[in-house]
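Good morning, and thank you for coming.

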Amino acid sequence: MNLPHTLGQLRHSIFSQDRLKARRVKDEMRENLICKLRRNEVIFPGIMGYEDSVVPQLINALLSRHNFILLGLRGQAKSRILRALTTLLDPAIPYLAGCEIHDNPYAPICRRCRELVAERGDETPIAYRSPEERYVEKLATPDVTIADLIGDIDPIKAARGGHELASEMTVHYGLLPRANRGIFAVNELPDLAGKIQVGLFNIMQEGDVQIKGYPVRLPLDVALVFTANPEDYTARGKIITPLKDRIGSEIRTHYPATLEEGISITQQEAWATRNGHRLQIPGYVREVIEQIAFCAREDKRIDKRSGVSQRLPISCLENVISNAERRAIRHDEGLVVPRVGDVYAAMPAITGKLELEYEGEVKGADNVVREIIRSSVAKTFDRYFEGVDLHQVVQWFDLGGEIQIRDSAAAGEAWERLQGIQGLSEKLGTVGIKEKDRPETLVSAAEFVLEGLHAHKRIGRNEERVFTAGEKGPKPVEGKFNREEPPMLKRRPFN
Ligand SMILES: [Zn+2]
């Protein structure tokens, strides 16, 4: 497409004065959104699990031309949604070439451009911006200043040009003016100092702002979007009321509602298609990994206010694949098949993503994570082996059987030893295993059974990954003394 390069050509193109002069960025997003809705297109491709909750609210906010805020815990795709807003911008918009704030050719707000257009008229050069260039993102921190965000008075510029200090010719522009005619995203809005919030509000409301005490007029055209942790946002005093008032819509994000949804997101995001090695990720391994995030979100020892990011299962899966890949490379195996043992080996991808409560700190991150993995294995195991009789396998261990399955163990050799456990191989059909499957696959399935039995304390396993009968101990007896309910305080039943 041949784009016009002077103001004169622009007037006679699709970027006519009629169409462009009063068209603000929120009008542009609204128009493009309406086109997509008419064509029945997916509005935010790649954003899963929000089809019936977040997306409709987002569409309403955009149709209303609102500035909006996404409220949610970490790892709920908030930044991703904001970045996806660029898909609602025109493929290219014209601006006055050389303008730092990308002025509208028909309605420049900076004096440089007004003077330029007056001087050169239809010969004024035009340049273009892509949607990506029109998206500016800033992580709010308490040390963000007005100078960073809005701008600073540059005395040298003033002296050179012979301008007054308050003139917009002397302003060194910050991030927000540079986002003019685009989208400006502020992540973690409550972390912005009160003074800066006031500056932001003034720009939104009045189109002017004070820089070092000088009033500067900047009637910017920006779609402002924010993110925040819900508790920080609603906490009294964190957000100045007039700013809150100017944010048209508050949209709550959430974690995946079901395990299946979580698995789909993790599958989409994790780096799994790697060069060189054929990879086969068993369904139960995916489920165990996803279940870790679900269990952690429920766990009392983990801080609920910061949440458990979807990045946890994503990084975990990547590390699990890598551990399996490492094993396959070492033993020159043709197929990479992750095992439950690889999930335990992926703890470095998990521990850093959890904020522990005091109780968890006392226990130690490693122990908490190990327990969470174990209960995730137990839950997944139940989904597959509910009602399957495995007592023969347990008996093999009770009769003194022992087997070590290191996560580094070669599949061929491990499978040979696993076949020695009576009653095990014929149960593997439960997870879709066929007799002719490769040893990599067979070992993974058999190890899942052993890990499942271990998770339910039916067999033991030590740190060296040796499975044994373990210490089962006597079953707790009903009605025995325990701390919560001393027998003397026990209420008598009335019947
Ligand atoms: Zn300009």
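Let me begin with a question: is Arg181 buried or exposed? Arg181 has a relative accessible area of 8%, and buried means under 20%, so Arg181 is buried. Please keep in mind throughout that what you see is a predicted model.

Arg181 sits in the loop between helix H9, residues 175-178, and strand E7. Its backbone also deserves a remark. Most residues other than glycine have a negative phi. Arg181, which is not a glycine, has a positive phi of about 65°. We shall meet another such residue later.

From that loop we move to the sheet. Which strands form it, and in what order? The open sheet has five strands, in the order E4-E7-E10-E1-E11, and the pairing is parallel. Its edge strands are E4, residues 135-139, and E11, residues 249-252, each of which pairs on one side only. On average, neighbouring strands in this sheet are turned by 20° against each other, direction ignored.

Let us walk across the sheet from E4. Strand E4 pairs with E7, residues 182-187, in the parallel sense over five bridges. As an example, Tyr135 has Ile183 in E7 as its bridge partner. On to the next pair: E7 and E10 are parallel too, joined over five bridges, and here Phe184 stands opposite Leu224 in E10.

Strand E10 covers residues 222-228, and seven of its seven residues are buried. Val222, Leu224, Phe226 and Ala228 point one way from the strand, while Ala223, Val225 and Thr227 point the other way. Residues on both sides of E10 are therefore buried, by the cut-off of under 20% relative accessible area.

Next comes E1, which pairs with E10 in the parallel sense over four bridges. Ile69 has Phe226 as its bridge partner in E10. Ile69 also has a bridge partner in E11, namely Glu250. The pairing of E1 with E11 is parallel and has four bridges.

Helix H4, residues 54-63, lies across E1, residues 68-71, and E11, running at about 165° to E11.

Let us return briefly to E7, and to the loop that joins it to helix H10, residues 194-205. Leu192 is found in this loop. With a relative accessible area of 3%, Leu192 is buried. Setting aside residues up to four places away in sequence, Leu192 touches Ala140, Thr141, Val144, Leu149, Val186, Gln197 and Leu200. Consider one of these, Thr141: it is 51 residues from Leu192 in sequence, yet their C-alpha atoms are 5.7 Å apart in space.

Now to the metal site. Which residues coordinate the zinc ion? They are Cys99, Cys110 and Cys113, each through SG, and Asp103 through OD, at 2.1 to 2.2 Å. The angles among the four donor atoms are 98 to 126°, and the site is tetrahedral. Along the sequence, the donor residues follow the spacing C-x3-D-x6-C-x2-C. Cys99 lies in the loop between strand E2, residues 93-96, and helix H6, residues 111-120, while Cys113 lies in H6 itself, so the pair ties together parts that are 14 residues apart in sequence. Both Cys99 and Cys113 are buried.

In the loop between E2 and H6 we also find His102. Here is the other residue I promised: His102 has a phi near 55°, a positive value in a residue other than glycine. His102 counts as buried because its relative accessibility is 11%.

Strand E2 itself is covered on both faces, with Ile93 and Tyr95 buried on one side and Pro94 and Leu96 buried on the other. Its partner is strand E3, residues 126-129, and these two pair in the antiparallel sense over four bridges. Ile93 has Arg129 as its bridge partner in E3.

Technical notes:
Residues numbered from 1 in each chain as written. Predicted model: local features only at pLDDT ≥ 70, side-chain atom pairs only at ≥ 80, totals over all residues. Heavy atoms only, no water. Pairing = 2+ DSSP bridges. Axes fitted to C-alpha atoms, helices over the stretch in contact; angles between N-to-C directions. Contact = heavy atoms within 4.5 Å. Donors = N, O, S within 2.8 Å, 3.2 Å for Na, K, Ca; no water. Tetrahedral: all angles 85-135°; square planar, octahedral: opposite > 155°, others 65-115°. Buried < 20%, exposed > 50% of the residue type's maximum accessible area, 1.4 Å probe, protein only.
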